[in-house]
Amino acid sequence: TFVVTEPCIACKYTDCVVVCPMDCFFEGPNFIAIHPDECIDCSMCVAECPVGAIVGDRELPPEQQHFLALNRELVEQPGWQRLTARKEPLPDHAQWAAVADKFDELKR
Ligand code: SF4
Ligand code: F3S
């Protein structure tokens with residue numbers, strides 16, 4: 001499966017959802033997650049993300065490993081809905097795109 005990682009937090013550009021043939025992105029308040037049982041590893045979404053947030057599960061750097069379990073947890077979170085159409089990124093996306101360490105900002 002492919003995994004959404006830290007750069008997406010507080011940005012949520014949503015370019016990724018448009019290209020997914022499985023429609024397997026789920027949206028929360030300030031992050032998006034991939035359903036690991038639905039992703040077919042096509043890798044189409046990777047190049048779409050302006051901040052490079054999407055990584056294959058076998059290429060996750062050590063400090064981002066926890067995002068694999070987190071994506072699964074979040075797609076099952078009440079209120080997280082499937083998203084298939086692009087929408088405006090979050091208002092402070094440009095500011096947050098430059099911040100590498102922003103895990104504490106993640107809203108469930
Ligand atoms: Fe969707 Fe393909 Fe990305 Fe998986 S790798 S989330 S199937 S676009
Ligand atoms: Fe997030 Fe990148 Fe998609 S910022 S919403 S993974 S395009």
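## A loop residue with positive phi

In which loop is the place of D41? The model is predicted, and in it D41 belongs to the loop between β3 and β4, the latter being residues 54-56. D41 has a positive phi of about 65°, although it is not a glycine. Most residues other than glycine have a negative phi. D41 counts as exposed, because it has 10 C-beta neighbours inside 10 Å and the cut-off for an exposed residue is 12 or fewer.

A10 likewise is not a glycine and has a positive phi, of about 70°. This residue is found in the loop between β1 and α1. Is A10 buried or exposed? A10 counts as buried, because 22 C-beta neighbours lie inside 10 Å and a buried residue needs 20 or more.

## The sheet and its helix

Three strands form an open sheet in the order β3-β2-β5, and their pairing is antiparallel. The strands β3 (32-34) and β5 (81-82) stand at the edges; each has a single partner strand, so one side of each is left without a neighbour in the sheet. Helix α2, residues 66-75, packs on this sheet and touches β2 and β3. The direction of α2 makes about 105° with that of β3.

Strand β2 covers residues 25-27, and its antiparallel pairing with β3 runs over 3 bridges. Within this pairing, F25 stands opposite I34 in β3. Not counting residues up to four places away in sequence, F25 touches C16, V17, C20, I32, I34 and L83.

## The nonpolar core

The largest nonpolar core has 29 residues. Those that touch the most other members are V4, C16, F25, I32, A33 and I34. At least two residues of this core are supplied by each of β1 (2-4), α1 (15-19), β2, β3 and α2. Helix α2 gives the largest share, with 4 residues.

A69 lies in helix α2, yet this residue counts as exposed, because it has 11 C-beta neighbours inside 10 Å. A69 and V3 are 66 residues apart in sequence, while their C-alpha atoms are 9.3 Å apart in space.

## Surroundings of the two ligands

Around ligand 1 there are 14 residues, of which C20, C39, C42, M44 and C45 come nearest. The shell of ligand 1 consists of 12 nonpolar, 1 polar and 1 charged residues.

Which of the 14 residues around ligand 2 come nearest? They are C8, Y13, C16, C49 and A53. By class, the shell of ligand 2 has 10 nonpolar, 1 polar and 3 charged residues.

## Helix α3

Helix α3 spans residues 93-97, and A97 is placed in this helix. A97 is partly exposed, because 18 other C-beta atoms lie within 10 Å. Leaving aside neighbours within four places in sequence, A97 is in contact with C11 and V51. From A97 to V55 the separation is 42 residues in sequence and 17 Å in space, C-alpha to C-alpha.

Note on methods:
Residues numbered from 1 in each chain as written. Chains lettered and ligands numbered in written order. Predicted model: local features only at pLDDT ≥ 70, side-chain atom pairs only at ≥ 80, totals over all residues. Pairing = 2+ DSSP bridges. Contact = placed C-beta atoms within 7 Å. Axes fitted to C-alpha atoms, helices over the stretch in contact; angles between N-to-C directions. Near = placed C-beta within 6 Å. Nonpolar A, V, L, I, M, F, W, Y, C, P; charged D, E, K, R; others polar. Core = buried A, V, L, I, M, F, W, Y, C linked by C-beta atoms within 7 Å.
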